[in-house]
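Please look at the sequence and the three-dimensional structure shown here, and keep both in view while reading the report that follows.

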Amino acid sequence: MPTSWQDIKRTLDERGFTDPMTLRFPEAADAVFEETAKLALYTRNPHIRFETVRQLVSDPAITEAVAQLCGSGFVLWRSAFFNKVPGAREIGWHHDKHFSDGDDLVKLEMDLPHYSVFISVTQTGSDNGMLEFVAGSHVDDLDMNRDPRPYHQRPPNEHNLPGLSPAVEARVIATPLPQYTFMVFHSAILHRSLQNTSGDRRLGLALRLSPGDLTFPEAQATAKDILPYPCATVPA
Ligand SMILES: O=C(O)CCC(=O)C(=O)O
Ligand SMILES: [Fe+2]
C-alpha cells in the first residue's frame with residue numbers, strides 16, 4: 001500500500017529524515033554523473049554552474065515532495081556535490097543547519113525549519129559512502145552540548161564532531177539509498193558518510209532549502225546563489 005504524505009511527514013519530523021523516494025526522470029541524474037567525473041570530493045553550488053543540475057533538482061518527484069513535506073516559500077541557497085571516488089574518506093558527524101536566521105544562534109527546533117534533500121545519483125551503500133543519521137537529533141541536543149554558533153562563526157575544523165557517546169551511537173540509523181532516489185532530512189540532524197571502500201565512484205547531490213524570508217548571512221550565500229524553489233527562473 002502506498003504511504004501517505006502525512007505518514008512520510010510524520011517520519012520526517014519525528015525521526016528527522018525520510019525513506020528514499022524515487023526520481024521521475026533518472027536520465028537527468030545520468031547526465032549529471034557524466035559531467036562530474038573530474039570533480040573534487042566537495043563542490044559547492046553546482047546549481048549555479050551546471051544546467052544539468054538545475055534539471056535534476058527540478059525533478060517533479062522532488063518538487064512534489066518538497067511542497068508536501070516542507071511547504072512553500074523555500075529557496076535553494078546552497079547545493080553541494082559529494083563525489084566519492086574509490087578510497088574517499090569518511091565525512092564525520094555534522095549537521096547542515098548552517099544558520100537559523102541571519103547571525104542568530106542555531107536552534108534545534110522545528111518552527112524555523114531548514115531542510116536538505118540528498119539525491120543519490122549513484123547508489124549509496126554500505127561500502128561506498130553510506131549515510132548514517134542520529135535519529136531525533138534535529139530537535140534534541142542529546143546531552144552533547146552542540147555548538148549553536150552559525151557555520152560562519154565557527155572555525156572550519158569545528159564543523160565535525162570528534163565522535164559519539166555510546167548512548168547516542170545507539171540511535172544511529174544506517175541509510176542505504178538505491179540509485180536514482182532522494183531523501184529529505186531536517187538540516188539540523190547529525191549525520192555522516194562513510195569511506196568509499198568500493199571500486200566505483202559514488203555521487204551524491206545535496207540541496208539546502210530554507211524559508212525565503214530569512215536573512216541569509218553573506219558569508220554563506222550571496223544573492224546570486226539563491227534561487228526560488230522550485231527553480232522558476234534559470235540564471236544566464
Ligand atoms: O554524501 C556525502 O558524503 C555527505 C552528504 C552530506 O553530508 C549531506 O548531504 O549533507
Ligand atoms: Fe551533511
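Helices (H or I, at least four residues) and strands (E, at least two) are DSSP runs, numbered from the N terminus. The buried residues of α2, which spans residues 26–35, are A28, A29 and V32. They cover an arc of only 100° around the axis, so they sit on the same side of α2, where the arc is that of the directions from the helix axis to the C-beta atoms. The cover over these buried residues includes α4 (51–57) and β10.

This is a predicted model, in which local features need pLDDT of at least 70 and side-chain atom pairs count only at pLDDT 80 or more, whereas totals for chains, interfaces and linings use all residues. Residues are numbered from 1 along each chain as its sequence is written, while chains are lettered from A and ligands numbered from 1 in the order in which they are written.

## Helix α5

Helix α5 (residues 60–69) has I62, A65 and V66 as buried residues. Because they cover an arc of only 100° around the axis, they lie on the same side of α5. Among the elements that cover them are β1 (21–22), α4, β3, β5, β8 (181–186) and β10. After α5 comes G71, whose phi is positive, near 105°.

## The whole chain

The protein chain contains six helices and eleven strands, and 36% of its 236 residues count as buried. A compact globule with 236 residues would have a radius of gyration near 18 Å, and the 17 Å of the protein chain agrees with this; the radius is taken over C-alpha atoms, and the globule rule is 2.2 Å times the number of residues to the power 0.38.

Of the contacts in the protein chain with a separation of 6 or more, 90% are made by residues 24 or more positions apart, a contact being two residues whose C-beta atoms, placed from the backbone, lie within 7 Å.

## Strand β6 and its partners

Strand β6 (residues 131–134) is joined to strand β7 (residues 172–175) by four bridges, and the two run antiparallel; strands pair if DSSP finds at least two bridges between them. Within this pairing, F133 has I173 in β7 as its bridge partner. Three bridges also join β6 to β9, again in an antiparallel arrangement, and L131 stands opposite S193 in β9.

## Around ligand 1

The residues surrounding ligand 1 include F82, K84, D96, S116, H191 and S193, where a residue is near a molecule if its C-beta atom, placed from the backbone, lies within 6 Å of it. Two or more residues of this shell come from each of β3 (74–84), β5 (115–120), β9 (191–193) and β10 (202–211).

## Backbone details

Most residues other than glycine have a negative phi, and most peptide bonds are trans. L142, in the loop between β6 and α6 (166–169), has a positive phi near 55°, and Y180, in the loop between β7 and β8, has a positive phi of about 70°. Y180 is buried, because 22 other C-beta atoms lie within 10 Å, whereas L142, with 17 such atoms, is partly exposed. The peptide bond from Y229 to P230 is cis, with omega near 0°, and P230 is found in the segment after β11 (227–228).

Definitions and conventions
Buried ≥ 20, exposed ≤ 12 C-beta atoms within 10 Å, placed from the backbone.
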